[in-house]
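I have opened my notebook on a structure that may be new to you. Come along as I look things up, one entry at a time.

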Amino acid sequence: MKVITSICFLLVLTFAHGQDTIYLNRDYQEIEAGKAEYYRVEETKGAGEKEVIRRTYWITNQIKSERSFIEKKDQLIPEGLQKFWYEGGQLYYTENFKKGKRHGDLIAFWEDGSKRRHDHFKKGKFKSGKIWNRQGEEIEHFPVMVPATFPGGQKAIAAYLKANIPPAPKSQKKGTEVRVVVSIRINKEGQVSEIDLIDKAPPWYHAVTFHALSTMPRWNPGKHMGEPVNVSYTLPVIFRK
């Protein structure tokens, strides 16, 4: 997105500028500065419908990404050109968004600057694309992002939880339900590596849920640009009686 350059004093007065630094861990969760792997600087412009420029850096100060958003009803909607870099400083890829959806070209590069992929989207839908390996040879096309999946899908997850989580305890009243909502992290090897509690419930419910999830079979890991990545999911577990 183009940043509007104000040349009129009256126009300058209509813009409220703000900038904040937020320190992040490897999962982009806020953390104290001394333990951070990344940090993010946000610049807000405008009054009413605001433009937000979000730049993320490795803790070494090398830029990692530059993204632009429009803020609407407390939500950030991707808009315009988004840029991403390798840790060594080489341009990784660029992509365009319009009203929160990919629209236009996504172009990616290998670390040596050679082309890696070139996709074209229209209103969030993939239209065409080509991919090249490190040797410059065109290869079979695959999606930019492939989510992590549990073997057998959602039904298999439900069956696993049913078989590995005990029924609601006698202390739970009939006709009620207790929800345990957790965030699980599927690492690059497909293992559940972290479990974080989102919604609170009595300790027994936490314990049996955490045990079942921590011993889950291996998932098929998520992939970005064809390479395994860590992926987080929010998962509700409901105890009904």
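**Entry 1: a word I need.** I call a residue buried when its relative accessible area is under 20%, exposed when it is over 50%, and partly exposed in between. I also note that this is a predicted model.

**Entry 2: salt bridges.** How many salt bridges does a search of the whole structure find? My search came back with 11.

I began with E43 and K45, whose side chains meet in a salt bridge at 3.6 Å, N to O. Is K45 buried or exposed? I found K45 buried, because its relative accessible area of 11% is under the 20% limit. E43 is buried as well, with a relative accessible area of 18%.

I then saw that E43 also forms a salt bridge with R55, with the closest N and O atoms 3.4 Å apart. R55 belongs to strand β3 (residues 50-58) and E43 to strand β2 (residues 38-45), so this pair ties together parts that are 12 residues apart in sequence. R55 has 21% relative accessibility, so I put it down as partly exposed. Stepping back, I noted that E43, K45, R55 and E66 are linked in a network of salt bridges.

**Entry 3: a bridge between loops.** Next I looked up R134 and E111, whose side chains meet in a salt bridge at 3.0 Å, N to O. Here the pair links distant parts of the chain, 23 residues apart: R134 sits in the loop between β10 (125-132) and β11 (138-139), and E111 in the loop between β8 (101-109) and β9 (115-122). Both are partly exposed in my notes, R134 with a relative accessible area of 46% and E111 with 33%.

**Entry 4: strand β13.** Why did I write that β13 (residues 177-186) is largely enclosed by the rest of the structure? Eight of its 10 residues are buried, and that is the reason.

β13 and β14 form a hairpin with five residues between them, and in the turn G190 has a positive phi of about 85°.

**Entry 5: the largest pocket.** Rolling a probe the size of a water molecule over the atoms shows where empty space is left. The largest pocket has a volume of about 1,300 Å³. I listed 32 lining residues, with Y28, Y38, K64, H224 and V229 lying nearest its centre. Among the elements that give two or more residues to this lining are β2, β3 and β17. Which element gives the most? That is β4, with four residues. By class, I counted 14 nonpolar, five polar and 13 charged residues in the lining.

**Entry 6: the second largest pocket.** This one holds about 260 Å³ of space. Its lining has 13 residues, and L161, K162, I165, V237 and I238 lie nearest the centre. The elements giving two or more residues here are α2 (153-164) and β17, and β17 gives the most, with six. I sorted the lining residues into 11 nonpolar, no polar and two charged.

Notes. Residues numbered from 1 in each chain as written. Predicted model: local features only at pLDDT ≥ 70, side-chain atom pairs only at ≥ 80, totals over all residues. Heavy atoms only, no water. Salt bridge = Lys/Arg side-chain N within 4 Å of Asp/Glu carboxyl O. Buried < 20%, exposed > 50% of the residue type's maximum accessible area, 1.4 Å probe, protein only. Pairing = 2+ DSSP bridges. 1 Å grid on protein atoms, 1.4 Å probe; cavity = no way out; pocket = protein on both sides within 12 Å on 5 of 7 lines; lining within 4 Å. Points joined across faces, edges and corners; volume = space filled by probe spheres on them. Nonpolar A, V, L, I, M, F, W, Y, C, P; charged D, E, K, R; others polar.
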